[in-house]
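Here is a short report for a first look at one structure. Please view the model before reading on.

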Amino acid sequence: LEDLGMDNSQVARAISSHPQLFAHNIESNLKPKVQWLKDLGMDDTQVVRAISGLPQLLGLNIESNLKPKVQWLEDLGMDNSQVARAISSHPQLFAHNIESSLKPKVQW
């Protein structure tokens, strides 16, 4: 986490709110998630902001959780930079269900 640019207080908050981070394998889980976020166009600062805001993000499945939500945002008309900004400023988007939480708010 420090290699990403998180300071000690951010690391402490992430671990205290999501101690399961210790259970994730660096090579097969954590690094691929960070790379996936960067591949979306997020810079290091945005990645740190997203992980600090929702440490559980590192435990979410790319295929079944992250990709569908990014696709949904793109389907709303957001471009890559808008998606990156939305994720970094409100990573809690990934904690919500599209059908029962996100879509109804957009439809309202």
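Buried means under 20% relative accessible area, exposed means over 50%, and partly exposed covers what lies in between (1.4 Å probe, protein chains only). By that scale Asp 39 is exposed, with a relative accessible area of 58%. Asp 39 sits in helix H2. Its C-alpha atom is separated by 9.9 Å from that of Asn 80, a residue 41 places away along the chain.

This is a predicted model, in which local features need pLDDT of at least 70 and side-chain atom pairs count only at pLDDT 80 or more, while totals for chains, interfaces and linings use all residues. Residues are numbered from 1 along each chain as its sequence is written, and side-chain values use heavy atoms, without hydrogens and water.

**Overall fold**

The chain has 6 helices and 0 strands. Helices (H or I, at least four residues) and strands (E, at least two) are DSSP runs, numbered from the N terminus. The radius of gyration is 14 Å, close to the 13 Å that the globule rule gives for 108 residues, so the chain is as compact as a globular protein of that length. That radius is taken over C-alpha atoms, and the rule is 2.2 Å times the number of residues to the power 0.38. The C-alpha atoms fill a box of roughly 40 × 25 × 25 Å along the principal axes. Of the 108 residues, 40% count as buried.

**The core**

A nonpolar core is a set of buried Ala, Val, Leu, Ile, Met, Phe, Trp, Tyr and Cys residues joined through side-chain atoms within 4.5 Å. The largest one has 30 residues. Trp 36, Leu 37, Ile 51, Leu 57, Ile 87 and Phe 94 have the most contacts inside it. Each of the helices H1 (8-17), H2 (26-39), H3 (44-53), H4 (62-75), H5 (80-89) and H6 (98-107) supplies at least two residues of this core. H4 gives the largest share, 5 residues.

Which residues does Phe 94 touch, leaving aside its neighbours within four places in sequence? Contact means heavy atoms within 4.5 Å. The partners of Phe 94 include Trp 36, Leu 57, Asn 65, Lys 69 and Ile 87.

| Residue | Helix | Relative accessible area |
|---|---|---|
| Asp 39 | H2 | 58% |

Glu 63 and Gly 5 are 58 residues apart in sequence and 26 Å apart in space, C-alpha to C-alpha.
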